[in-house]
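I opened my notebook to look up charged pairs. Here is what I wrote down, entry by entry.

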Amino acid sequence: MTDATKEPEKFKYQAAAFLTGVAGVSMLGGFGMTLGMAKKKDPNMFNKGIMGARELHEAGGALALRALGWGSLYAVAGFSVFCFSIWKLSGAKDLKDFRMKAGSVLPRIPKNDPPQSRTEFSGLTDLLQYIITEDERKKQGLKETPEAADKQQ
């Protein structure tokens with residue numbers, strides 16, 4: 001491999017690591033905030049749920065782990081059965097065959113070359129003004145954008 005082909009691949013791995021890190025930190029932060037709010041709301045029951053108490057059948061942490069395990073099992077098994085049934089109903093023999101059959105059944109996404117409206121904005125104010133102008137134009141029944149009118153002249 002040359003250096004030119006290694007750079008995009010290296011960037012993909014760095015981007016994937018970054019997104020995974022952001023998702024992990026966000027998940028941990030959300031979980032921590034939820035635990036903090038639960039403890040703040042009722043500290044006595046929170047401590048009983050963590051430690052376990054006689055009046056509770058099962059500690060909160062153990063109950064949550066059991067629910068997470070069963071929920072994960074149901075989600076993975078259910079989605080696997082769904083995907084397998086779609087695969088078998090399509091009659092595909094391999095992934096390439098399935099891709100071709102799914103492509104013939106699903107609607108085509110039209111290519112928008114070149115874009116029919118603006119794609120570059122100088123800032124948020126410019127974007128919002130453009131949206132307002134386009135909305136007013138549609139309400140008045142004008143279908144032509146200012147860019148298209150300029151091109152015709």
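This is a predicted model: local features need pLDDT of at least 70, side-chain atom pairs count only at pLDDT 80 or more; totals for chains, interfaces and linings use all residues.

**Charged pairs, entry by entry**

I began with Lys139 and Asp135. They sit four residues apart in helix 5, so about one helical turn separates them. I then looked up their side chains. Lys139 forms a salt bridge with Asp135, and the closest N and O atoms are 3.4 Å apart. That is inside the 4 Å cut-off for a salt bridge.

Next I asked how open each partner is. Lys139 has a relative accessible area of 66%, so I put Lys139 down as exposed. The cut-off for exposed is over 50%. Asp135 has a relative accessible area of 39%, so Asp135 is partly exposed.

I looked up the confidence. The mean pLDDT of the protein chain is 82. I also wrote down that 80% of its residues reach 70 or more. Where is confidence highest, and where is it lowest? It is highest in helix 5, at 91. It is lowest in helix 6, residues 146-152, at a mean of 53.

**Entry: Arg137 and Glu134**

I turned to Arg137. I found Arg137 in helix 5, which covers residues 124-140. Which side chain does Arg137 meet in a salt bridge? The partner is Glu134, at 2.8 Å from N to O. The two side chains are also joined by a polar contact of 2.8 Å.

I checked the spacing. Arg137 and Glu134 are three residues apart in helix 5, so about one helical turn lies between them.

Is Arg137 buried or exposed? Its relative accessibility is 15%, so Arg137 counts as buried. The cut-off for buried is under 20%. Glu134 is buried too.

**Entry: Asp126 and Arg118**

I looked up one more pair. The side chains of Asp126 and Arg118 meet in a salt bridge, at 2.6 Å from N to O. I checked the accessibility of both partners. Asp126 comes to 22%, so Asp126 counts as partly exposed. Arg118 comes to 27%, so Arg118 counts as partly exposed as well.

**Entry: the count**

How many salt bridges did I end up with? The count comes to three.

Arg137 and Glu134 are both buried. Asp126 is partly exposed, and so is Arg118.

Methods:
Residues are numbered from 1 along each chain as its sequence is written. Side-chain values use heavy atoms; hydrogens and water are left out. Helices (H or I, at least four residues) and strands (E, at least two) are DSSP runs, numbered from the N terminus. Buried means under 20% relative accessible area, exposed over 50%, partly exposed in between (1.4 Å probe, protein chains only). A polar contact is a pair of N or O atoms within 3.5 Å; within protein, one must be able to donate a hydrogen and the other to accept it, and residues adjacent in sequence count only if both atoms are side-chain atoms. pLDDT is the predictor's confidence in each residue, from 0 to 100.
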